[in-house]
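Q: I'd like to take a close look at one part of this protein. Could you walk me through it once the model is on screen?

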Amino acid sequence: MKANYVNEGLLVVISGPSGVGKGTVCKALREMMPELTYSISATTRSPREGEVDGVNYFFKSVQEFEKMIEEDELIEWAQYVGNYYGTPRRFVEEMLAKGQDVVLEIEVQGAMQVKEKYPQGIFIFLVPPSFEELRQRIIHRGTESESVLNLRLEAASDELKQIDQYDYVVINDEVDKACERIRAIVMAEHCRTDRLKISEDA
Ligand code: 5GP
């Protein structure tokens, strides 16, 4: 008898309120877990300083984005604080079929759409150690005007209410600890009994 794990990629959705540090955690995770594949989202938001098209996001016009929606090129999409964000389908599906684990770093509305389409996905909610900490992080990022900042804080407060829709909660008290927790989740998910494949010896 030979025991192996099923060669099918896991879809790992990392979600949580804006400012919780999803981007920072995912950046550190890339170093800690280079074996994961990270989906690149499309957005109509303007690039921030240092952001590169095709690396951080695919930056699109509203017209281009709406065409992607019409042509069903996105697994999920959402309007978030006045801009569109969405996950291109083809790349994710190809990687999963190859057995690669794929990470989506997306906000809550999008994560809920993914949950409907891919209930077998792993849904991880990243939370700040406190709401005050979240406020400080958004303020210190300093990239948003005051009105956008307030909208993001309102959105964050709504997003936190969705926590029980997720399989796992990771507190982002320290980036390295948060990454370790995510690594532990991914490893445990790979070891689930339903991923075991038994075959006869050759
Ligand atoms: P930001 O403008 O700060 O880069 O992103 C704003 C929010 O959009 C963040 O919560 C981020 O995780 C989320 N986001 C980024 N890409 C996607 C995506 O493809 N789909 C959805 N639904 N949200 C996304």
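Leaving aside its neighbours within four places in sequence, which residues is Gly19 in contact with?

A: Happy to walk through it, keeping in mind that this is a predicted model. Beyond its neighbours within four places in sequence, Gly19 is in contact with Leu134, Arg137 and Ile138. Gly19 sits in the loop between E2 and H1, and it counts as buried because its relative accessible area is 14%, under the 20% cut-off.

Ser18 lies in the loop between E2 and H1 too. Ser18 is buried, with a relative accessible area of 7%. Setting aside residues up to four places away in sequence, Ser18 touches Tyr80, Leu134, Ile138, Arg141, Arg152, Ala156 and Glu159.

There is also a record to consider: an unreviewed UniProt entry carries the annotation "binding site" for Gly16, Pro17, Ser18, Gly19, Val20, Gly21, Lys22 and Gly23. From this set, Ser18, Gly19, Val20, Gly21, Lys22 and Gly23 belong to the lining of the largest pocket.

Now for the core. The largest nonpolar core has 25 residues, and Ile14, Leu29 and Ile182 touch the most other members. Strand E2 (11–15) and helix H1 (22–32) are among the elements that each supply at least two residues of this core, as is helix H5 (131–141). The largest share, five residues, comes from H7.

Ile14 makes a link back to the annotated stretch: not counting residues up to four places away in sequence, its contacts include Lys22, Cys26, Leu29 and Ile182.

Methods
Residues numbered from 1 in each chain as written. Predicted model: local features only at pLDDT ≥ 70, side-chain atom pairs only at ≥ 80, totals over all residues. Heavy atoms only, no water. Core = buried A, V, L, I, M, F, W, Y, C linked by side-chain atoms within 4.5 Å. Buried < 20%, exposed > 50% of the residue type's maximum accessible area, 1.4 Å probe, protein only. Helix = DSSP H or I, 4+ residues; strand = E, 2+ residues; numbered from the N terminus. Contact = heavy atoms within 4.5 Å. UniProt positions renumbered as here; feature names shortened; annotations may be inferred. 1 Å grid on protein atoms, 1.4 Å probe; cavity = no way out; pocket = protein on both sides within 12 Å on 5 of 7 lines; lining within 4 Å.
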